[in-house]
Amino acid sequence: MSDVPDNANEHCPGTESEQAGKTSSCQGCPNQKICASGATKAPDPAIAEIGVKLSTVKHKILVLSGKGGVGKSTFSAHLAHALASDSTKEVALLDVDICGPSIPRIMGLEGEQVHQSGSGWSPVYVDDNLAVMSIGFLLSSPDDAVIWRGPKKNGMIKQFLRDVDWGELDYLIVDTPPGTSDEHLSIVQYLSSTHVDGAVIITTPQEVSLQDVRKEIRFCQKVKLPIIGVVENMSGFVCPSCKNTSQIFPPTTGGAERMCADLDLPLLGKVPLDPRIARSCDEGKSFLSEVPDSPAAKVYLNIVQSIKDYCSNRVTEEQRSARTPDEDGHIGPEH
């Protein structure tokens, strides 16, 4: 997950890969012997650089899901909108879904471009206190396909974290693609030198979605990424006329509620289906502002409050752990 050397073959697996110097694509590469020897597997200096770059970001939240199409980017966008509704907070949304960037459309920024400044790439702003970065801003058309192998994706994620002029932020939200592969490993590795509050995991009620989400939970446990909680999207449909709830996607195995109980994880909330959410995303507007009194908007806001409380509590716990007892066993001031 480090840089590909400039003189490497086109299909280089990357210098930190276990297959470095050993695959058929490595044949004839001038770096083959040194890669195969393991001499290239030194810590990536970019990790420390990213730690310095993001030292001015108070809270970092990853939004994950093992399954595609469960509303992960929609949730990421509305989490950003909700946090930025407090004008005293600086918020940024980073889209690392390299092959399927939907954040520019959802945030109403399609067609915008990234500008270079002396301090790095400048993100695109929705409001004065809400910045967005996505590979979608680097494409000539929203229909352009990004056909990249892992090392090139990893290099782009590194650039987003290291070279974007994020400034001082209260919250950085990272919207990830489905699965547990290159992009996820890269983002966790590159953020390893900085504090990450945790991950919010998105699912829908069906077992086919929960199956993949369990894999995502296992991924978080393996890489020691704290889990803030789980959000169940598309959790029933509330009829706008009669107000009755219909289960469009029945939770055949108990849904996210049962899964969270089995795995001892917090269920942050169950967001009902509302066609106006999809319409707001297509139009690049905030559903929370467009339909603030809807049942779904109220659930969203409760979830956001739980995430804010979690982040605040983590800061408090860290402050407590930073205190040391004096010779008499009394807890002294924070260092």
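Colleague: In what order do the eight strands of the open sheet stand, and what is the pairing called?

Modeller: In this predicted model, the order is S5-S6-S2-S7-S1-S8-S9-S12, and the pairing of this open sheet is mixed. The twist from one strand to the next averages 20 degrees.

Colleague: What makes S5 and S12 stand at the edges?

Modeller: S5 and strand S12 (267-270) each have a single partner strand, so one side of each is left without a neighbour in the sheet.

Colleague: How do you know that S5 and S6 pair, and in which sense do they run?

Modeller: Two strands pair if there are at least two bridges between them, and three bridges join strand S5 (residues 124-127) to strand S6 (residues 130-134), which run antiparallel. Val124, for instance, has Val132 in S6 as its bridge partner, and with two residues between them the two strands form a hairpin.

Colleague: In what sense do S8 and S9 pair, and over how many bridges?

Modeller: Strand S8 (residues 198-203) and strand S9 (residues 227-232) pair in the parallel sense over five bridges, where the requirement is at least two; Ile202 stands opposite Val231 in S9.

Colleague: Why is H5 called largely enclosed by the rest of the structure?

Modeller: A residue is buried when its relative accessible area is under 20%, and 10 of the 14 residues of H5 are buried, so the helix is largely enclosed. Among the buried residues of H5 are Gly150, Met156, Ile157, Phe160 and Leu161, and what covers the buried residues includes helix H2 (45-53), strand S2 (91-95), S6 and helix H6 (182-190).

Colleague: How do you know that the span of H5 agrees with what a helix of 14 residues should have?

Modeller: At 1.5 Å a residue, helix H5 (residues 150-163) should span 20 Å, and its end C-alpha atoms are 19 Å apart, which agrees.

Colleague: What describes two packed helices, and which values belong to H2 and H5?

Modeller: Two packed helices are described by the angle between their axes and the distance between those axes. The axes of H2 and H5 come within 8 Å and cross at roughly 40 degrees. Ala46, Glu49, Ile50 and Lys53 of H2 make the contact with Lys158, Leu161 and Arg162 of H5, and by class there are three nonpolar, no polar and four charged residues in this contact.

How values were computed: Residues numbered from 1 in each chain as written. Predicted model: local features only at pLDDT ≥ 70, side-chain atom pairs only at ≥ 80, totals over all residues. Heavy atoms only, no water. Helix = DSSP H or I, 4+ residues; strand = E, 2+ residues; numbered from the N terminus. Expected span 1.5 Å × (residues − 1). Buried < 20%, exposed > 50% of the residue type's maximum accessible area, 1.4 Å probe, protein only. Contact = heavy atoms within 4.5 Å. Axes fitted to C-alpha atoms, helices over the stretch in contact; angles between N-to-C directions. Nonpolar A, V, L, I, M, F, W, Y, C, P; charged D, E, K, R; others polar.
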